[in-house]
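The sequence and the model are shown first.

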Amino acid sequence: MSSPDPFFTPVSGMDLPRFAGVPTFMRLPYVPEGHPRFAEVEIGLVGLPWDGGVSNRAGARHGPRALRDASTMIRAQHPVSGVRPFERRRCADLGDVGPNPVDMADTLGRFEAFFARLDARGIRPLVAGGDHLTTLTVLRGIARKEPLGLIHFDSHTDLFPPYFGGTALTHGNPFRVAVEEGLLDPGRMVQIGMRGTAYDLADRDFAAANGIRVIPIEEFMARGVADVMAEARAIAGPGRTYVSYDIDFVDPAFAPGTGTPEVGGPNSFQALEVVRGLAGVNIVAADLVEVSPPFDTGGITAWLGASILFELLCAMG
Ligand code: MN
Ligand code: MN
């Protein structure tokens, strides 16, 4: 973007207080498909209000609305880098992709088709989930031609075999399925923050068999953010890379509003610091998933999630 366009500039809290007005992501203009300026968007913020892939505690379908509301607190400039992302790229709230809450196949198809249309227009998505199965629909929409690298923050690998003895997709297996479908290059995948009790090691076995790098929380804490993120950047390399951020990466003391919390995780400073460590990565799309407002306390998870979305936007370059 050559010079900031007033249309794509968020509403300033100096012009209208941040608690006033209709909330969009980061107070950006609402530019749904069909809007006359849709084709000008470079980075589109999208909500996927759906949690049909959840196997335990639901509620992430309410994530996008809570994240929009919290994100009205975001200002124009990054506190450390000084980046002003809304002047660097034309950003807009593209709205939610409407799901069918009682039909998984229909919903996944709608989401995938939407992201394929964005990809055809060269609009990079920044997605607010939704449960983690929604990530598979973004990958199916944008990565069918060429597998992507992946930098993934989570307390779980989400490489598990199907649950309940079936063949079903769940929020526990999007990355296993994405590898099987050729949407991700396992040699350019790194997963960071894994912890918690398990049924077995089926996910770790899949990672080892495919050459996927898993960095458990003990290693993350021992090495520190800078060292771990240097390795993550090296694994992703210069190629096209997806960044997926499950809010349950963060310790539930800082992010209680999620369906599958695991204690003993990073604090909210480390939660932001890892995203700052993505500078220079060739990010083609990113998401923040699994915020479940019914389990939130005082909106702290939504506020952290909105802050992570801003960090991801700045990291997208
Ligand atoms: Mn998780
Ligand atoms: Mn996950």
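The structure is a predicted model.

Strand β1 comprises residues 43–48 and is mostly covered, with 6 of its 6 residues buried. Ile43, Leu45 and Gly47 point one way from β1, whereas Gly44, Val46 and Leu48 point the other way. The residues on both sides of β1 are all buried.

Strand β2 (residues 91–96) runs parallel to β1 and is joined to β1 by 5 bridges. Within this pairing, Ile43 stands opposite Cys91 in β2. Strand β3 (residues 124–129) also runs parallel to β1, and 6 bridges join the two. Here Gly47 has Ala128 of β3 as its bridge partner.

**Aromatic side chains**

The count of aromatic pairs comes to 10. One of them is formed by Phe86 and Phe310, a tilted pair with 6.2 Å centre to centre and 50° between the planes. Phe86 lies in helix α2 (residues 85–88) and Phe310 in helix α10 (residues 300–315), so this pair ties together parts of the chain that are 224 residues apart in sequence. Phe86 is buried, with a relative accessible area of 5%. Phe310 is likewise buried, with a relative accessible area of 5%.

Phe160 and Tyr163 form another tilted pair, with 6.4 Å centre to centre and 50° between the planes. Phe160 is buried at a relative accessible area of 17%, because buried denotes a value under 20%. Tyr163 is partly exposed, at 25%. The two pairs are set out below.

| Aromatic pair | Arrangement | Centre to centre | Angle between planes |
|---|---|---|---|
| Phe86 and Phe310 | tilted | 6.2 Å | 50° |
| Phe160 and Tyr163 | tilted | 6.4 Å | 50° |

Ring pairs also link Phe153, Phe220, Tyr245 and Phe249 into a cluster. A charged group meets an aromatic ring at Phe295: the charged end of Arg57 sits over this ring, 3.8 Å from its centre.

**Trp303 in helix α10**

Helix α10, which holds Phe310, also contains Trp303. Trp303 is partly exposed, with a relative accessible area of 34%. When neighbours within four places in sequence are left aside, Trp303 is in contact with Ala70, Met73 and Ile74. Thr24 and Trp303 are 279 residues apart along the chain, and their C-alpha atoms are separated by 14 Å.

**Summary of the description**

Strand β1 is joined in parallel to β2 and to β3. The pair of Phe86 and Phe310 connects helix α2 with helix α10.

Technical notes:
Residues are numbered from 1 along each chain as its sequence is written. Chains are lettered from A and ligands numbered from 1 in the order in which they are written. This is a predicted model: local features need pLDDT of at least 70, side-chain atom pairs count only at pLDDT 80 or more; totals for chains, interfaces and linings use all residues. Side-chain values use heavy atoms; hydrogens and water are left out. Buried means under 20% relative accessible area, exposed over 50%, partly exposed in between (1.4 Å probe, protein chains only). Helices (H or I, at least four residues) and strands (E, at least two) are DSSP runs, numbered from the N terminus. Two strands pair if DSSP finds at least two bridges between them. Rings of Phe, Tyr and Trp (its six-membered ring) pair if their centres lie within 6.5 Å; planes under 30 degrees apart count as stacked, over 60 as edge-to-face and the rest as tilted. A charge sits over a ring if NZ of Lys or CZ of Arg is within 6 Å of the ring centre and within 35 degrees of the ring normal. Contact means heavy atoms within 4.5 Å.
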